[in-house]
Amino acid sequence: MATKEKEQELIKRLQDAIINYKVAEAKKIADEAVAVGADAYTVTMEGLAGGMEVVSEKFDSHEYFVPETLLCAKALYAALDVLKPHIQVKEGGAQGQVVLGVMQGDVHDLGKNIIKAIFEASGWTVHDLGRDVPLQKFVDEQLKTDSDIVMLSAMMTTSMVGIKKLIPMIKEKNPKVKIMIGGAPITEKTVEEYGADTTADNAPNALREAMKMLETLRKGKAA
Amino acid sequence: MSRKEEMTSLERVATTLQFKEPDRVPAAPLVCGASCRVAGISLGEWSEGDNVEMMVRGHLESLELIGHDGVVMLVDLSVEAADFGCEMVFPHYDTAHPNYDNPFIKNPKEDYKKIARINPRKTKRMKSVIDTISGLSKVIGKTHAIVGFVYGSIGVMSMLRGPEAFFTDLVEYPEEVEAALRVMDEVLNEYAVAQIEAGAHSICYDHLYASQSVLSKNLWEKFEGPSIKKVCTTVRNAGALVSLHNCGNGIYFDMSEKWANPHAISHAYVADDVDSWEEHKAKWGGKIATIGWIPPGPVAMLGTPDEVEEECKAEIDIFAKGGGFILATGCEYPVNAPLLNARRIVEAAKKYGVYK
């Protein structure tokens, strides 16, 4: 069992490794955290999520761009792979679940992968279906996992049109599920016309939107 | 009809690019792949480029149907990558793309060296673009603007490697990437020359990653600065006009000016150093002409013809004064959008864009 001081020191070092995209260093610190018996959940949430929060801020303020963010995500996964088997989720600590994928006929998965990293770092369970995903697969995965949100990505108008068909398919099986859509051709108008719940123009905004939708869903359940 | 209204499309475009007012605002809604529907072939067949005659016919009949002032030779962004050896997928009704499960560059330490100096005139896809320009030039070379197209060096490289791995390579394997880019520069340069010789009046260089959406200014200029400078200098020396395309958000107009000094940029969003289209016009409107910026998805594709007209009017109101403006979509006209909306764009230019 690590002392509180040691745990805090590891968290700080892990944050720095993520922010400065030191992949090997991030893995080394995660190994050390496991070896000294630090709480893997706390280290993940405060070290990894804390680090990615700073990365999101830097992305928002145009200090970091796509390459830097991808490298931070690489460092994140190097540490997360080590910590994940040791995580015991604390009461009230878990975030929601999302099904995430790129629409059928579309292979542009860069934005989707950045979103995945930021959501996983923030404690969400992400069911990543990859790219060029058949419509029915989204429906099946949502039902199988009972995910709160389905997130659909499309970078082309030819793949975007599949969203219009897919949303009723998902909502028919589960009317409460929330749908977020994103990608170059998608705007508020698309959200309105296709019956989605929201959109976001980058990963940090997607996380903020997801948090809001999760809160609404949980209030609905509690009521 | 006044003298000014008797300009040919080519004169109209040339006049506005000199920041002078032509008879009316030129309209060029970037109807590229969508022309396959007029030609009556699938997008996959169109992209493979085996039937140049059909592509020429598709562009010419689109011109007849829509009435735009210029043709842009974008097929898709994988033309150059395919000829460098990238394994391709040609879906019937979707945009062609590399097979990212089997990228050309797998091992960054070794595989960037595989980029070889190829002759665009002897390739499959680049040659089909050159030949299409040649075919078009014979018919409309004296009346309409023909704009060749080159996907920028780092864009092509990202197709060969896969974008995600490529972006991290810029930081992790910069020397390998740079060495490969300098080989690629020669090929892209030659491709631009071949298109001009075939009859292109301008070459549009797509510097997609020069925006806040993707790369920092430092990283962009380090890798693509030399490439774009080489190609654009060659284009200018060959007597053709330099245009750029970038549909990213917050485009680096200052970097574009520094490295390419373009006559025009085709864009969907404002420059990174302004906050509105009015500001953009005030800051950049007298230096770099704007080709844009009708939103392809929400307006060209999902909008009603009246909404298209309303958008066009608003853009003309802001940008037409003094020339330096071609009314167009901010990115390629969606291949699956109603073609009558493209015609409405041209009609709007005629209705609201007449200079008095």
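Strand 3 of chain A, residues 149–153, is mostly covered, with five of its five residues buried. Strands (E, at least two residues) and helices (H or I, at least four) are DSSP runs, numbered from the N terminus.

A word on what you are looking at: this is a predicted model, where local features need pLDDT of at least 70, side-chain atom pairs count only at pLDDT 80 or more, and totals for chains, interfaces and linings use all residues. Residues are numbered from 1 along each chain as its sequence is written, while chains are lettered from A and ligands numbered from 1 in the order in which they are written.

Back to our strand. In a regular strand the side chains alternate between the two faces of the sheet. Which residues of strand 3 of chain A lie on each side? Ile149(A), Met151(A) and Ser153(A) are on one side, Val150(A) and Leu152(A) on the other, and all are buried.

Now its neighbours. Strand 1 of chain A, residues 97–102, runs parallel to strand 3 of chain A and is joined to it by five bridges; two strands pair if DSSP finds at least two bridges between them. Val102(A), for instance, has Ser153(A) as its bridge partner. Strand 4 of chain A, residues 178–182, also runs parallel to strand 3 of chain A, again with five bridges, and there Ile149(A) stands opposite Lys178(A). Strand 3, helix 7 (residues 157–173) and strand 4 of chain A make a right-handed β-α-β unit. Right-handed means that, with the strands pointing away from the viewer, the path from the first strand over the helix to the second runs clockwise.

Helix 7 of chain A also takes us to the partner chain. The contact takes 22 residues from chain A and 27 residues from chain B, where contact means C-beta atoms, placed from the backbone, within 7 Å. On the chain A side, helix 4 (66–83), helix 5 (110–121), helix 7 and helix 8 (188–194) each give two or more residues. The largest share, five residues, comes from helix 4 of chain A. For the complex, the predictor gives an ipTM of 0.91 and a pTM of 0.91.

Over to chain B. Seven strands form an open sheet there, in the order 1-4-5-6-7-8-9, with parallel pairing. Its edge strands are strand 1 (70–72) and strand 9 of chain B, each pairing on one side only.

Why is strand 8 of chain B, residues 289–294, largely enclosed by the rest of the structure? Because six of its six residues are buried. Strand 7 of chain B, residues 264–267, pairs with strand 8 of chain B in the parallel sense over four bridges, and Ser266(B) stands opposite Ile291(B). With helix 12 (residues 277–284) of chain B, these two strands make a right-handed β-α-β unit. Strand 9 of chain B, residues 325–329, pairs with strand 8 of chain B in the parallel sense over five bridges; here Trp293(B) stands opposite Ala328(B).

Thanks, everyone!

Terms used. Buried ≥ 20, exposed ≤ 12 C-beta atoms within 10 Å, placed from the backbone. Contact = placed C-beta atoms within 7 Å.
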